Amino acid sequence: MSESVTPNRRARREAAEREAAAHPEGTRTARRRAVSPEQLRPRGQTLVALVLVAILVVGAFLADNVIGTRAVGAGAAGTVPSGAWYCPHGGGEDWESTVFVSNPGEEPVQVRARRIGPDRSPGSTRVTVPAGGSVELAAAAPDRGSATVVEYFGGHVAAGWVARTGENDIGLTAEPCLPQAGPEWILGDGTTEDQEETWIVVMNPFPGDAVFTLTVLQEDDPPGGLSEWNDFVLKGGRSVAFRLNDFAEGDRVLGARIQASLGRIAASTLGVSKNRGVRSAVGWVGDPPDAAYLPGAGDDGTSFVTIVTPESRGTNFSASIFGPKGSQLVGGPGETSQRGDSAGRLQVDTPTPSTIWIRRGRDRPGFLATRRTLGTSQDLGATTGAAEAGPAWIVFPSVGESPQRPALVITNPGTGDAELTLTTMPAQGEPITKQITVRPGASVLAPEGLLADDPRAPVLVSAQSGGVVVATASYSQGREGVASYAVSAGAPIDPTWITEAG
C-alpha cells in the first residue's frame, strides 16, 4: 500500500451517476450512507448468520475489554490501571519524531510503544517511565501516514509528540497524543491554497480491520460536503494519509468528518507548506464539543480559527480573547452563524500570550475549532486546544534541536484566582517547581526559569484552586533559535493521578 490515498475522479463521476439513478431522493443522502455491519456480513444460511453474530458480539467485548482503550482515568477500584495513547503524528522523508511519555504518579510505569504505518510494522519498544519523570522515544516517521501507539501498564501516563522535518520540508509539528480511539471523528485546520497541502492521518491500532467513510467539508461549494473516500478498509495495525488537495485545490479552509461502520480509529491533520513549514492538529472523537479554548503565544499577532460544523443543522457561536490584560469580545457583541456540513474561517487579532474562546449559541449544535498562527520566522503552528478548563495537565515540549526558546502559556477563564504548581518532569536530572497565581480572565507565561535547565522537559500543571487551559508555543533551531515554531496544547489528566502520588 502506498503512503497516501487519492480519489479516482472518473470513477467518482461514474459512481455519482449510478447513485443519482438509484437514489432519486438525491445523491447527498446516498453518499453519506456508510456501509453497515449487516451489509458487510456474507449471506448464507440462518445458522451461519447466528454464528457470525456471536463472533461479532464476542469480538466487540474483547475490543472494549481486552485490546481496547479505557477512557482516561477509567478502571474499577482495586484493578491495575492500563490504557493507551494514540499519536497520528504523520511524517515524511528523513523526518525525525519523538514521543514524550510522562508519569505523574509515585510508582514506575511500564510502557510499550509500537510504530503504525502503511505497511505492517513488527516489533515494539518497551521502557519504564520513572515516577515523576519522562522518557523520550524515537518514533519512526518515514511516511505522511506514520503513527505511534503508546500502551501503559500498572499506572498512568500521558504522551505527546514533536516531529522534525527532513530536507524536503521545513519546520516542526507538536501536539498531545489522543487518549482514546472511536468510530466518529471531526477534523479542522485544512487549507489547500497558497501551495499548502493538507493530509488527514488515520490510524487503526487494533488487530481487526476498520471500515470508514471520509467526508470533506468545504466553505462554499458544494454545500453539505462530499464523501470522497467511501467504505475505505484500513487493515488492523496500519495507518494511512489522505491528501485533500487531490479533491479540493485552492480552498482557503477545509474540514473533514470520518464515520466508521466497523472498528475504531484515531485521526489528526498534517499541514505541509513549501513556504510556511508544517503543523499538526489532532481531531475530536464523538459528538462535537460546545466550546473551544485555543491557547497560543509568540506569534505574529494574527490567528485563523477554523470552525467545522459536522451536523446538517447550522450553528451560532461567539468569540472572546483571554489576554494579558483580561478578557474581551471578538468583533463586538452578538453571534456569528455558520451553516451545517461546512468549514468556515474566523480571523482574530490576538495579543501574546492569549487564548481564543469560541462557544456555541444556546440550543445550537456543537462544532470543532482549531487555531492556526504564524510565527515570526514564517513557520506555522496549529492546535485543537481544549474543550474546557481543567485542574491538572501535562504539557509536552514544542521545541526541536538547539537553540531552543520554550514558552508555556497558562489561561484562567474562571471568575476567581487560579493557584497553580508547575513542576518539570525531565528525562534526566532533578525537577524544578514554581508556584504561580493567574488572575481571572488572564493569560500569562510561565516563569522563565522553569525550563531554563531543560527546554525539552514536560511540565505538570496542578491547580490548588480554579481551572486553567495550558499550552506550549515555542521556537527552536536555526539562527538564534527562531527557525521553527510550533504550538501544542496540554493533555488533561485526572487529578487523582497526582493526589495518589502524594
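**View 1. Lining of the largest pocket in the predicted model.** The pocket is lined by 36 residues, and P179, W284, A386, A387 and P492 lie nearest its centre. A pocket here is an open set of points on a 1 Å grid over the protein atoms alone, where a 1.4 Å probe fits, with protein on both sides within 12 Å along at least five of seven lines; lining residues have an atom within 4 Å of a point. Two or more lining residues come from each of several elements, including β9 (172–176), β19 (291–296) and β26 (368–375). Strands are DSSP runs of E, at least two residues long, numbered from the N terminus.

**View 2. The open sheet β6-β3-β8-β9.** Its 4 strands pair in the antiparallel sense, pairing being at least two DSSP bridges between two strands. β6 (134–139) and β9 are the edge strands with a single partner each, so one side of each has no neighbour in the sheet. Strand β8 (residues 158–164) meets β9 over 5 bridges, and R164 stands opposite L172 in β9.

**View 3. The disulfide between C87 and C177.** The S to S distance is 2.1 Å; a disulfide is a pair of cysteine sulfur atoms within 2.5 Å. The link is right-handed, with 105 degrees about the S-S bond. C87 lies in strand β2 (residues 82–87) and C177 in the loop between β9 and β10 (184–190), 90 residues apart. Both C87 and C177 are buried, that is, under 20% relative accessible area (1.4 Å probe, protein chains only).

Residues are numbered from 1 along each chain as its sequence is written, and side-chain values use heavy atoms, without hydrogens and water. In this predicted model, local features need pLDDT of at least 70 and side-chain atom pairs pLDDT 80 or more, while totals for chains, interfaces and linings use all residues.

How values were computed: Buried means under 20% relative accessible area, exposed over 50%, partly exposed in between (1.4 Å probe, protein chains only).
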